[in-house]
Amino acid sequence: MAPHIDYQPDRRCMLEQLTLKLGLKCECVFFHTGHHRNGIDRPDAFKWYGIDFPPGAQSLPGSEAKPPICCPSRYLLGVLLLHASLAAAAHWDHAVFLDDYYRLLWSISGQDITFEVQARTHGYIGLGFSKDGTIYGADIVIGWVDQGQVHFQDRHVKKHGDGEPLVDSSQDYVLLLGYENQTHTVLRFKRKLDTCDVAYDVPITNDTMRVIYMYHDKEPHGAFYTPGSLPDPAEAFKQARSLFLTQRINQAPLKPDPRLRTLELLNQDVTLPDTEGTLHWCKMFKLNDINRKHHLIRYEPVLERRTLDSSSRYVYHMILHECQGSSPEMEIMSRENGCPCYRTDRSILSCNSIVVAWTRGSEGFSFPSQVGYPLDSNQARFYLMETHYSLPDREYSWPSTKPKVMVDNSGLRLYYTDTLRREDAGVLSVGMDPNWRHIIPPGQEHVVSEGHCVGECTQRAFPRDGVHIFAVMMRTHQIGRQIKLRQIRHREELLPIAHDRNTDWNYQEYRRLSAPVRVLPGDRLIAECIYDSSGRTAITLGGLTTREETCLVLALYYPRQKELTTCHSLPSLPTVINSLGINELVPGSNPVRIASPPELSGMTLETRLISYDWRNNFRSFQYVTRRGTFKPLCWSAKNQPVPGTENLEGFAPNITKSYKIIRSCSFVGSTKVANVFFQNRNRYVTESEASVDRTLDADSDEDDNTDSNNVIEGAARSKVSRSSVTESMGLSGGPATFRPLGSAPKMFAFLLFIIFLNSFRIATDRSFATVGAD
């Protein structure tokens, strides 16, 4: 006698909607609990096939029945399993929510980048890249699913157009997967990092990318590729988000580990000012409980939920300094709630070693698997946290919505373990010391400033085998546009360690280098910053506030040394006065007055700075500041000069040999694919870099850090598909087609798996036939 089966024609099984869209037949059945005579529990068997039941599936009232499942044909089973495997097999290196309804996932392999967009809409969705964060001049891809067919188009927006995305003549994005479920539209696609479409596409590089995104609740109708076909593009465009796409730190959830501990260092009711637009707050912490060496392996910010009236909007950066030794002053500060940093006498505090650096827009930092920052109360028990409060971009006074009294309790969460890693990490600060001698003239589109870490300092501090830089944070303030960390060995300039040609001062987190860069004793490091002051009518001076400017690079490296933690420079006073056309100052004058040349005699230095003809004298100013002398500032963790560097005088390097850049097609103005070359390590992630022997990652398990990126959030986990896999561009909205993906070995293994499943299904059918005959 055949086993009892309840047919449920009024309820669709979890695969029925997919099979109906594919034009195939699927019978919906309902199995009671218990095993069949062949010993197979049907729902578990389907889970074994790799297909999960939808969330919320329920049994019939009063029964112990399992959720409904499908009994597809052997052919259908192969198609469905292939579709399910393609949807689930993607391995995402990065994932981020651009807003509550739009999730972006991506991975890079060689010169290809693959994206998946999961948007909570059944209309059209878009993802693009812009040079300035606006939709004008943007490179964008648009797609939607309509009646089981995927429409997918490479588009662009004219720089001086009306904001309508127009279809490109060259379709450089390849659709891999597209479908809808009850709530979401999902598109997966890939492109080259540099498509060579110099007219309409934006190359994806190691620069800070301005990612723009769109979604709308309506789908286009009519001629999908003609202007005006997209409903309300201005409404669909949400905003831009600055991201590192090629060097982003992946903050994947940590694996459960009983030896992993957390520590929160929080500010306590810091009152934000009512009138001033900036505040530096310092709070001392005393850590007595870490009684033996541990490794800090991760940190993240602790912020209030971001709302219009929350204090988290004003937290610009947080830096945690390690203090050497102890003193009565540090003991007293650790018992207080903190104070403005200008009130602390930093000269008596030996807190010159950076442990943690966080800036606005960052999710935190996870150290590579073989590196950790050492924490040990026996070596250092006092830590100074410096919090910089500043208004968001383009806000220079507290908004009217700000309450009369706003307090902040933000801070840092540290993850540390006593399972020690192979290498101790350290942080080296390279750049221009924040000081008024750092002068940026007004009205200029391209002003270069350089902060030097001279070879005499690295020679005295670095170990014989050098150090390995594996991550950098590059910082300017509001008018910074580009930052480069240069490396010079003897008279040869090597490839830049890092270079960002499109910085965003609201997004300056650590970026992990594709491979650690070795810096030897005697090497010179230069932080080079380029500013655009064309929108300012007065000079900008170096300083700590965001209206002032800075040029700093924080370099994470191993192995740690304490001899050199700050390696800055400052233009010498003769360089400054010569750059302003001044020969001599009046000794001891207050305010400072000019002695010569005669035509400037008696003028104050401040007046000269304000009234200087920058338009006609900018070139000479720039030449003098870059070629003139400077003062090297090389300081140890104890906030003392490195021995032997106190009286150094710095000079511009005499470079006789430099690196050569092999530019890709988008940077030489050519549209020929044959002109695509692998760029140096600072423009693209290349195959050659991916194959480099990375000492740090030899023992890492990548799968452990990326599992959370491989699922669709919320209702998108229920994949009720409305299309098949396609690599066609879908310009005309044609039916979705399937083309094999992946490498040949993987596909061969998959085909063997399908053959095995079909064989299993045949045996199962025969078993049913035998049971029915009984």
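Analyst: Two strands pair if DSSP finds at least two bridges between them. Helices (H or I, at least four residues) and strands (E, at least two) are DSSP runs, numbered from the N terminus. This is a predicted model, where local features need pLDDT of at least 70 and side-chain atom pairs count only at pLDDT 80 or more, while totals for chains, interfaces and linings use all residues. Residues are numbered from 1 along each chain as its sequence is written, and side-chain values use heavy atoms, with hydrogens and water left out.

User: How many helices and strands does the protein have?
Analyst: There are 11 helices and 43 strands.

User: And what share of the residues counts as buried?
Analyst: Of the 774 residues, 54% are buried. Buried means under 20% relative accessible area, exposed means over 50%, and partly exposed is in between (1.4 Å probe, protein chains only).

User: Why is β7 described as largely enclosed?
Analyst: Strand β7 covers residues 125–130, and six of its six residues are buried, so the rest of the structure largely encloses it. Ile 125, Leu 127 and Phe 129 point one way, Gly 126, Gly 128 and Ser 130 point the other way, and all are buried.

User: What is the order of the open sheet with β7 in it?
Analyst: The order is β10-β9-β8-β7-β13-β14, six strands with antiparallel pairing. Its edge strands are β10 (166–167) and β14 (237–243), each of which pairs on one side only. At the β10 end, two bridges join β10 to strand β9 (residues 149–156), and these run antiparallel. Arg 155 stands opposite Val 167 in β10.

User: New topic. How many aromatic pairs are there?
Analyst: The count comes to 14. Rings of Phe, Tyr and Trp (its six-membered ring) pair if their centres lie within 6.5 Å; planes under 30 degrees apart count as stacked, over 60 as edge-to-face and the rest as tilted.

User: Which class does the pair of Phe 152 and Phe 189 fall in?
Analyst: The ring centres are 5.3 Å apart and the planes are at 45°, so the pair is tilted. Phe 152 lies in strand β9 and Phe 189 in strand β12 (residues 185–192), so the pair ties together parts 37 residues apart in sequence.

User: Is Phe 152 buried or exposed? And Phe 189?
Analyst: Phe 152 is buried, at 0% relative accessibility. Phe 189 is buried too, with a relative accessible area of 2%.

User: How many cavities does the structure hold?
Analyst: Six of 30 Å³ or more. On a 1 Å grid over the protein atoms alone, a cavity is a set of points where a 1.4 Å probe fits but cannot get out, and lining residues have an atom within 4 Å of a point. Grid points are joined across faces, edges and corners, and a volume is the space filled by probe spheres set on the points.

User: Which residues are closest to the centre of the largest one?
Analyst: Of the 21 residues that line it, the closest are Met 432, Glu 450, Pro 571, Thr 625 and Arg 626. The largest share of the lining, five residues, comes from β30.

User: What is Arg 626 in contact with?
Analyst: Leaving aside neighbours within four places in sequence, Arg 626 is in contact (heavy atoms within 4.5 Å) with Val 448, Glu 450, Arg 486, Glu 528 and Ala 652. Arg 626 is found in helix α9, and at 30% relative accessibility it counts as partly exposed. Its C-alpha atom is separated by 7.3 Å from that of Ser 449, which is 177 residues apart along the chain.

Methods. On a 1 Å grid over the protein atoms alone, a cavity is a set of points where a 1.4 Å probe fits but cannot get out, and a pocket is an open set with protein on both sides within 12 Å along at least five of seven lines; lining residues have an atom within 4 Å of a point.
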